[in-house]
Amino acid sequence: MISPVLFELALQFLVLSLLSIGGANAIIPEIHLRAVDIHHWMTDVDFSQMFALAQAAPGPNVLIVSLVGWKAAGIAGAIVAMLAMCGPSSALTYFVANVWERFREAPLRIALQRALEPVTVGLVLSSGYVLTRMND
């Protein structure tokens with residue numbers, strides 16, 4: 001039987017996976033809210049340290065997800081969190097990319113792409129804001 005913490009990690013990161021327009025750094029505020037304030041898997045200091053470690057390590061920014069999972073439920077938590085974070089968005093990206101290419105010149109596609117650019121910038125800026133406030 002799956003532990004409640006592993007189930008909650010999977011559920012949280014499945015949802016966040018589909019919200020991560022611009023990558024994992026774009027949803028840092030939401031990861032922080034859920035990991036620190038709602039589920040109490042770690043403290044603000046823990047989260048800051050995990051974020052710094054994820055940024056210092058070579059590889060993708062999504063490493064923060066595995067560190068949150070590890071802090072919440074050990075190795076199994078790290079694996080569950082990464083699979084939950086990468087699985088849905090990867091599948092969605094695969095299917096959307098095929099459609100996206102088919103409609104390369106369509107006005108709706110061009111409008112959607114232009115509309116998502118400022119959303120991505122806003123999400124990344126809000127991540128920076130949350131990170132600067134964590135050690136207050």
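User: What percentage of the contacts with a separation of 6 or more is accounted for by residues 24 or more positions apart?

Analyst: This is a predicted model, in which local features need pLDDT of at least 70 and side-chain atom pairs count only at pLDDT 80 or more, while totals for chains, interfaces and linings use all residues. Residues are numbered from 1 along each chain as its sequence is written, and side-chain values use heavy atoms, with hydrogens and water left out. A contact means heavy atoms within 4.5 Å. Among contacts in the protein chain with a separation of 6 or more, the share from residues 24 or more positions apart is 60%.

User: Which pattern does the protein chain follow along the sequence?

Analyst: Helices (H or I, at least four residues) and strands (E, at least two) are DSSP runs, numbered from the N terminus. The protein chain has 5 helices and 0 strands. Read along the sequence, the pattern is α-α-α-α-α.

User: Which residues make the nonpolar surface patch of about 440 Å²?

Analyst: Like charges are joined within 9 Å, and nonpolar side chains (Val, Leu, Ile, Met, Phe, Trp, Tyr) within 5 Å. Accessible areas come from the Shrake-Rupley method with a 1.4 Å probe, and for residues only the protein chains shown count as cover. The patch is made by Ile2, Phe7, Leu11, Val15 and Leu19.

User: Is Leu19 buried or exposed, or does it lie in between?

Analyst: Leu19 lies in helix α1, which covers residues 4–19. Buried means under 20% relative accessible area, exposed over 50%, and partly exposed in between (1.4 Å probe, protein chains only). With a relative accessible area of 44%, Leu19 is partly exposed.

User: Which residues does Leu19 touch, not counting those up to four places away in sequence?

Analyst: Leu19 and Pro88 are 69 residues apart in sequence, yet their C-alpha atoms are 10 Å apart in space. With residues up to four places away in sequence left out, Leu19 touches Ile27 and Leu123.

User: What is the phi of His40?

Analyst: His40 is found in the loop between α2 (28–38) and α3 (44–56). The residue His40 is exposed, with a relative accessible area of 60%. Most residues other than glycine have a negative phi. His40, a residue other than glycine, has a positive value, near 55 degrees.

Key:
Patch = residues over 30% accessible without salt bridge, like charges linked within 9 Å, V, L, I, M, F, W, Y side chains within 5 Å. Salt bridge = Lys/Arg side-chain N within 4 Å of Asp/Glu carboxyl O.
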